[in-house]
Amino acid sequence: MKKKSIKTYILTDCISFTFSVIIIAVIGLMQDVMMSIDNVVLLQLFTCTTLIAILMYFTESIPVESQLAATFIHFVDTALVILGVGGGIFKWFPWKAVYVGEVVAILTVVFIMTTLIITWQNYHLANSINEIIKERQHE
């Protein structure tokens, strides 16, 4: 797989942080959540999303031919950080199946949304580049 630009990892970090905050806030409106969103939790969450982006940067160098396999590796990166750092170090949730299941569901939604937005952004960027190439070829 071709290594992505640093800009892509920064966008991934920001997009995933934003979706995480929105989802946690919406869940907090609908039910009693196990953690409130305060300044410390926001900084911890941003730390996790940044660690995920850094881990993805390094695992991108794993030689994988399949886009599906590369996406799965990135999902594992995400799960390792959220479960290990968020659940283990920051103690965001108790290690009971119901809570781990909720966290995995949230991280899956955030992962899918982030991946779709990055893919959409890359698609439009590629189209813009192709248009510029076409214009230059017709000059």
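Ile22 is partly exposed, with a relative accessible area of 45%; partly exposed lies between buried (under 20%) and exposed (over 50%), judged with a 1.4 Å probe and protein chains only. Ile22 sits in helix 1, where helices are DSSP runs of H or I with at least four residues, numbered from the N terminus. Together with Val26, Leu29 and Met30, Ile22 forms a nonpolar patch on the surface, with about 450 Å² of accessible area in total. Areas come from the Shrake-Rupley method with a 1.4 Å probe.

This is a predicted model: local features need pLDDT of at least 70, side-chain atom pairs count only at pLDDT 80 or more, and totals for chains, interfaces and linings use all residues. Residues are numbered from 1 along each chain as its sequence is written, and side-chain values use heavy atoms, without hydrogens and water.

| Residue | Relative accessible area |
|---|---|
| Ile22 | 45%, partly exposed |
| Ser16 | 11%, buried |

Ser16 belongs to helix 1, residues 6-30. Beyond neighbours within four places in sequence, Ser16 contacts Thr49, Val110 and Thr114, a contact being heavy atoms within 4.5 Å.

Now to the inside: the largest nonpolar core has 18 residues, and Leu83 and Trp92 are among those with the most contacts inside it.

How values were computed. Helix = DSSP H or I, 4+ residues; strand = E, 2+ residues; numbered from the N terminus. Core = buried A, V, L, I, M, F, W, Y, C linked by side-chain atoms within 4.5 Å. Patch = residues over 30% accessible without salt bridge, like charges linked within 9 Å, V, L, I, M, F, W, Y side chains within 5 Å. Salt bridge = Lys/Arg side-chain N within 4 Å of Asp/Glu carboxyl O.
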